[in-house]
Amino acid sequence: TSGQATVAGFNVISQPEKVRSSIGLAGQFAAVDDFLTGRETLEMVGSLYHLSKKETKKRADELLERLSLVDAADRTARTYSGGMRRRLDIGASLIGQPRILFLDEPTTGLDPRTRAEVWDIIRGLVKNGSTILLTTQYLDEADALASSIAVIDRGSLVAQGTSSELKNSLGRDVIEVTVADRDQSKVSAILAKIIGEQPKVDELTGHLQIPAKAGSKTLLAAASALEEHKVTVEEIALHRPSLDDVFLSVTGHKTDPTKEKR
(Lines give C-alpha, C1' and ligand atoms only; values in the text may rest on other atoms or scores of the structure.)
Protein backbone atom coordinates (compact mmCIF):
# COMPACT_ATOMS: atom_id res chain seq x y z
CA THR A 1 0.00 0.00 0.00
CA SER A 2 3.01 2.29 0.26
CA GLY A 3 6.72 2.50 -0.40
CA GLN A 4 8.54 0.93 -3.32
CA ALA A 5 10.19 -2.34 -4.29
CA THR A 6 13.09 -3.01 -6.63
CA VAL A 7 14.50 -6.27 -8.00
CA ALA A 8 18.00 -6.25 -9.48
CA GLY A 9 17.77 -2.46 -9.34
CA PHE A 10 14.55 -2.28 -11.37
CA ASN A 11 11.31 -0.82 -10.03
CA VAL A 12 8.65 -3.54 -9.99
CA ILE A 13 5.88 -1.08 -10.93
CA SER A 14 7.49 1.10 -13.59
CA GLN A 15 9.95 -1.47 -15.03
CA PRO A 16 8.13 -4.83 -14.84
CA GLU A 17 9.57 -6.18 -18.10
CA LYS A 18 13.14 -5.58 -16.95
CA VAL A 19 12.30 -7.24 -13.62
CA ARG A 20 10.89 -10.31 -15.37
CA SER A 21 13.91 -10.56 -17.68
CA SER A 22 16.21 -10.54 -14.63
CA ILE A 23 14.58 -13.31 -12.60
CA GLY A 24 13.76 -16.99 -12.75
CA LEU A 25 11.17 -18.88 -10.74
CA ALA A 26 10.70 -22.51 -9.77
CA GLY A 27 7.43 -22.85 -7.88
CA GLN A 28 6.54 -25.25 -5.10
CA PHE A 29 5.30 -27.82 -7.60
CA ALA A 30 7.14 -28.69 -10.81
CA ALA A 31 5.34 -26.88 -13.65
CA VAL A 32 6.25 -29.07 -16.63
CA ASP A 33 4.03 -30.24 -19.49
CA ASP A 34 3.62 -34.02 -19.48
CA PHE A 35 3.49 -34.16 -23.27
CA LEU A 36 6.67 -32.20 -23.99
CA THR A 37 10.11 -33.76 -23.84
CA GLY A 38 12.72 -32.33 -21.52
CA ARG A 39 14.48 -30.66 -24.43
CA GLU A 40 11.22 -29.23 -25.80
CA THR A 41 10.35 -27.83 -22.38
CA LEU A 42 13.63 -25.92 -22.13
CA GLU A 43 13.46 -24.70 -25.71
CA MET A 44 9.89 -23.47 -25.23
CA VAL A 45 10.89 -21.43 -22.18
CA GLY A 46 13.90 -20.09 -24.12
CA SER A 47 11.54 -18.79 -26.79
CA LEU A 48 9.47 -17.05 -24.11
CA TYR A 49 12.66 -15.25 -23.03
CA HIS A 50 13.07 -14.18 -26.70
CA LEU A 51 16.37 -16.03 -27.07
CA SER A 52 17.51 -16.88 -30.59
CA LYS A 53 17.06 -20.48 -31.75
CA LYS A 54 20.82 -20.98 -31.68
CA GLU A 55 21.16 -19.59 -28.14
CA THR A 56 18.11 -21.55 -26.96
CA LYS A 57 19.52 -24.84 -28.23
CA LYS A 58 22.91 -24.09 -26.68
CA ARG A 59 21.38 -23.23 -23.30
CA ALA A 60 19.10 -26.29 -23.38
CA ASP A 61 22.02 -28.62 -24.11
CA GLU A 62 24.08 -27.04 -21.31
CA LEU A 63 21.28 -27.39 -18.76
CA LEU A 64 20.41 -30.97 -19.72
CA GLU A 65 24.07 -31.85 -19.11
CA ARG A 66 24.29 -29.83 -15.91
CA LEU A 67 21.12 -31.38 -14.47
CA SER A 68 21.98 -34.96 -15.50
CA LEU A 69 19.01 -35.19 -17.89
CA VAL A 70 20.84 -35.90 -21.14
CA ASP A 71 19.70 -39.53 -21.31
CA ALA A 72 16.06 -38.48 -20.77
CA ALA A 73 16.19 -35.32 -22.91
CA ASP A 74 13.99 -36.69 -25.69
CA ARG A 75 11.50 -38.52 -23.49
CA THR A 76 8.21 -36.89 -22.54
CA ALA A 77 8.06 -35.46 -19.04
CA ARG A 78 5.25 -37.83 -18.05
CA THR A 79 7.87 -40.62 -17.99
CA TYR A 80 10.06 -38.68 -15.53
CA SER A 81 10.37 -39.42 -11.84
CA GLY A 82 9.47 -36.72 -9.32
CA GLY A 83 13.12 -35.79 -8.90
CA MET A 84 13.69 -35.55 -12.65
CA ARG A 85 10.63 -33.32 -13.04
CA ARG A 86 11.96 -31.05 -10.29
CA ARG A 87 15.38 -30.84 -11.96
CA LEU A 88 13.72 -30.03 -15.30
CA ASP A 89 11.60 -27.35 -13.63
CA ILE A 90 14.72 -25.75 -12.13
CA GLY A 91 16.35 -25.98 -15.56
CA ALA A 92 13.43 -24.09 -17.10
CA SER A 93 13.89 -21.35 -14.51
CA LEU A 94 17.57 -21.04 -15.52
CA ILE A 95 17.20 -20.97 -19.30
CA GLY A 96 17.22 -17.16 -19.38
CA GLN A 97 20.34 -16.97 -17.18
CA PRO A 98 18.55 -14.93 -14.52
CA ARG A 99 20.50 -12.75 -12.13
CA ILE A 100 18.11 -13.70 -9.35
CA LEU A 101 16.39 -17.06 -8.90
CA PHE A 102 13.34 -17.61 -6.71
CA LEU A 103 12.92 -21.19 -5.43
CA ASP A 104 9.69 -21.91 -3.58
CA GLU A 105 10.11 -25.00 -1.38
CA PRO A 106 12.14 -26.81 -4.05
CA THR A 107 12.46 -30.13 -2.18
CA THR A 108 8.89 -30.61 -0.94
CA GLY A 109 7.86 -34.23 -1.38
CA LEU A 110 11.24 -35.45 -2.65
CA ASP A 111 13.02 -38.56 -1.36
CA PRO A 112 16.32 -38.04 0.52
CA ARG A 113 18.52 -38.91 -2.47
CA THR A 114 16.74 -36.50 -4.83
CA ARG A 115 16.66 -33.86 -2.13
CA ALA A 116 20.45 -34.08 -1.83
CA GLU A 117 20.74 -33.76 -5.63
CA VAL A 118 18.67 -30.56 -5.59
CA TRP A 119 20.83 -29.21 -2.75
CA ASP A 120 23.93 -29.83 -4.90
CA ILE A 121 22.31 -27.97 -7.81
CA ILE A 122 21.54 -24.99 -5.56
CA ARG A 123 25.08 -24.92 -4.17
CA GLY A 124 26.45 -25.03 -7.72
CA LEU A 125 24.27 -22.11 -8.78
CA VAL A 126 25.45 -20.01 -5.86
CA LYS A 127 29.07 -20.94 -6.53
CA ASN A 128 28.64 -19.72 -10.10
CA GLY A 129 27.36 -16.34 -8.94
CA SER A 130 23.56 -16.68 -8.85
CA THR A 131 21.57 -14.91 -6.17
CA ILE A 132 18.89 -17.24 -4.81
CA LEU A 133 15.88 -16.44 -2.67
CA LEU A 134 14.80 -19.76 -1.18
CA THR A 135 11.60 -20.28 0.78
CA THR A 136 11.44 -23.44 2.86
CA GLN A 137 9.88 -24.88 5.99
CA TYR A 138 12.66 -27.47 6.30
CA LEU A 139 14.98 -25.68 8.68
CA ASP A 140 17.85 -28.13 8.11
CA GLU A 141 17.65 -27.05 4.46
CA ALA A 142 17.96 -23.38 5.41
CA ASP A 143 20.82 -24.27 7.74
CA ALA A 144 22.67 -26.15 5.00
CA LEU A 145 22.13 -23.75 2.10
CA ALA A 146 21.46 -20.19 3.22
CA SER A 147 24.09 -17.53 3.85
CA SER A 148 21.41 -15.30 5.36
CA ILE A 149 18.13 -16.42 6.92
CA ALA A 150 14.93 -14.47 7.54
CA VAL A 151 12.26 -16.01 9.76
CA ILE A 152 8.76 -14.91 8.76
CA ASP A 153 5.80 -15.66 11.00
CA ARG A 154 2.23 -14.76 10.01
CA GLY A 155 3.48 -12.26 7.45
CA SER A 156 5.97 -10.48 9.70
CA LEU A 157 9.75 -10.63 9.76
CA VAL A 158 10.60 -11.79 13.28
CA ALA A 159 14.31 -12.64 13.03
CA GLN A 160 17.15 -12.29 10.56
CA GLY A 161 20.83 -13.20 10.38
CA THR A 162 23.23 -16.00 9.53
CA SER A 163 22.56 -19.46 10.90
CA SER A 164 25.27 -19.03 13.55
CA GLU A 165 24.00 -15.58 14.57
CA LEU A 166 20.45 -16.87 15.02
CA LYS A 167 21.61 -19.87 17.05
CA ASN A 168 23.95 -17.75 19.17
CA SER A 169 21.09 -15.35 19.91
CA LEU A 170 19.53 -18.03 22.11
CA GLY A 171 22.71 -18.16 24.15
CA ARG A 172 22.28 -21.67 25.42
CA ASP A 173 24.31 -24.74 24.63
CA VAL A 174 22.89 -27.83 26.32
CA ILE A 175 24.49 -31.02 27.63
CA GLU A 176 22.34 -34.13 27.39
CA VAL A 177 23.08 -37.13 29.59
CA THR A 178 21.52 -40.55 29.17
CA VAL A 179 21.70 -43.03 32.05
CA ALA A 180 19.64 -45.97 33.28
CA ASP A 181 16.30 -44.94 34.83
CA ARG A 182 17.37 -46.16 38.26
CA ASP A 183 20.35 -43.77 38.24
CA GLN A 184 18.50 -40.60 37.21
CA SER A 185 17.96 -39.23 40.72
CA LYS A 186 21.59 -39.83 41.66
CA VAL A 187 22.86 -38.24 38.47
CA SER A 188 20.53 -35.27 38.85
CA ALA A 189 22.01 -34.56 42.28
CA ILE A 190 25.57 -34.78 40.93
CA LEU A 191 24.88 -32.48 38.01
CA ALA A 192 22.96 -30.01 40.19
CA LYS A 193 26.13 -29.40 42.22
CA ILE A 194 28.02 -28.52 39.04
CA ILE A 195 25.50 -26.06 37.56
CA GLY A 196 23.77 -24.84 40.71
CA GLU A 197 20.31 -25.87 39.55
CA GLN A 198 18.29 -29.01 39.00
CA PRO A 199 18.69 -30.62 35.54
CA LYS A 200 15.64 -30.78 33.30
CA VAL A 201 14.30 -34.04 31.94
CA ASP A 202 13.29 -34.24 28.27
CA GLU A 203 9.80 -35.73 28.42
CA LEU A 204 10.16 -37.37 25.02
CA THR A 205 13.61 -38.95 25.30
CA GLY A 206 14.17 -39.12 29.06
CA HIS A 207 17.55 -37.38 28.66
CA LEU A 208 18.80 -35.18 31.49
CA GLN A 209 19.59 -31.70 30.22
CA ILE A 210 21.80 -29.05 31.79
CA PRO A 211 22.82 -25.64 30.41
CA ALA A 212 26.42 -25.61 29.21
CA LYS A 213 27.33 -22.07 30.19
CA ALA A 214 31.03 -22.76 29.62
CA GLY A 215 30.52 -25.05 26.63
CA SER A 216 32.98 -27.92 26.48
CA LYS A 217 34.37 -27.05 29.93
CA THR A 218 30.98 -27.79 31.48
CA LEU A 219 30.85 -31.03 29.49
CA LEU A 220 34.24 -32.14 30.79
CA ALA A 221 33.31 -31.21 34.36
CA ALA A 222 30.07 -33.20 34.15
CA ALA A 223 31.79 -36.24 32.64
CA SER A 224 34.53 -36.11 35.27
CA ALA A 225 32.05 -35.88 38.16
CA LEU A 226 29.98 -38.79 36.86
CA GLU A 227 33.10 -40.92 36.41
CA GLU A 228 34.24 -40.03 39.93
CA HIS A 229 30.92 -41.30 41.31
CA LYS A 230 31.22 -44.43 39.14
CA VAL A 231 28.03 -43.70 37.22
CA THR A 232 27.54 -45.71 34.03
CA VAL A 233 26.73 -43.17 31.33
CA GLU A 234 25.04 -44.47 28.20
CA GLU A 235 25.57 -41.22 26.35
CA ILE A 236 26.71 -37.67 27.02
CA ALA A 237 26.86 -34.94 24.40
CA LEU A 238 27.05 -31.19 23.94
CA HIS A 239 24.30 -29.76 21.72
CA ARG A 240 24.11 -26.30 20.23
CA PRO A 241 20.69 -24.78 19.58
CA SER A 242 19.22 -25.74 16.21
CA LEU A 243 17.26 -23.53 13.84
CA ASP A 244 14.17 -25.38 15.07
CA ASP A 245 14.97 -24.04 18.55
CA VAL A 246 15.37 -20.55 17.08
CA PHE A 247 12.05 -20.77 15.23
CA LEU A 248 10.25 -21.97 18.35
CA SER A 249 11.82 -19.21 20.43
CA VAL A 250 10.97 -16.32 18.10
CA THR A 251 7.51 -17.51 17.01
CA GLY A 252 6.26 -19.42 20.04
CA HIS A 253 5.37 -22.50 17.99
CA LYS A 254 7.07 -25.21 15.96
CA THR A 255 7.32 -25.21 12.18
CA ASP A 256 5.26 -27.87 10.42
CA PRO A 257 6.05 -28.56 6.73
CA THR A 258 2.67 -30.32 6.32
CA LYS A 259 0.70 -27.16 7.10
CA GLU A 260 0.07 -24.01 5.14
CA LYS A 261 3.07 -21.73 4.83
CA ARG A 262 3.54 -19.09 7.47
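My entries run from the whole chain down to single residues.

**Ground rules.** This is a predicted model, in which local features need pLDDT of at least 70 and side-chain atom pairs count only at pLDDT 80 or more, while totals for chains, interfaces and linings use all residues. Residues are numbered from 1 along each chain as its sequence is written, and side-chain values use heavy atoms, with hydrogens and water left out.

**Whole chain.** I began with the secondary structure and found ten helices and eleven strands. These are DSSP runs numbered from the N terminus, with helices being H or I of at least four residues and strands E of at least two. Next I looked up the radius of gyration: 25 Å, well over the 18 Å from the globule rule for 262 residues, so the chain is more spread out than a compact globule. For my own reference, that radius is taken over C-alpha atoms, and the rule is 2.2 Å times the number of residues to the power 0.38. The box filled by the C-alpha atoms, along the principal axes, is roughly 75 × 50 × 30 Å.

I then checked burial and found that 40% of the 262 residues are buried. Buried means under 20% relative accessible area, exposed over 50%, and partly exposed in between, with a 1.4 Å probe and protein chains only. Of the contacts (heavy atoms within 4.5 Å) between residues at least 6 apart in sequence, 66% join residues at least 24 apart.

**Helix α5.** How many residues does α5 have? I read 16, covering 112–127, and the helix reaches 22 Å from first C-alpha to last, close to the 22 Å expected at 1.5 Å a residue. The expected span is 1.5 Å times one less than the number of residues. I listed Thr114, Arg115, Val118, Trp119, Ile121, Ile122 and Leu125 as its buried residues. The buried residues pack against α3, α4, β4, β5 and α6.

Asp111 caps the N-terminal end, with a side-chain oxygen 3.0 Å from the backbone nitrogen of Arg113. Just after the helix, Gly129 has a positive phi of about 105°.

Glu105 sits in the loop between β4 and α5. At 5% relative accessibility, Glu105 counts as buried. Its side chain makes a 3.1 Å polar contact with that of Thr108. Such a contact is a pair of N or O atoms within 3.5 Å; within protein, one must be able to donate a hydrogen and the other to accept it, and residues adjacent in sequence count only if both atoms are side-chain atoms.

**Helix α8.** I noted Gln184, Val187, Ser188, Ile190, Leu191, Ala192 and Ile195 as buried here. Their cover includes β8, β10 and α9. Gly196 follows the helix with a positive phi near 80°.

**Leu226.** Leu226 is buried, at 0% relative accessibility. Its C-alpha atom is 48 Å from that of Leu133, 93 residues away along the chain.
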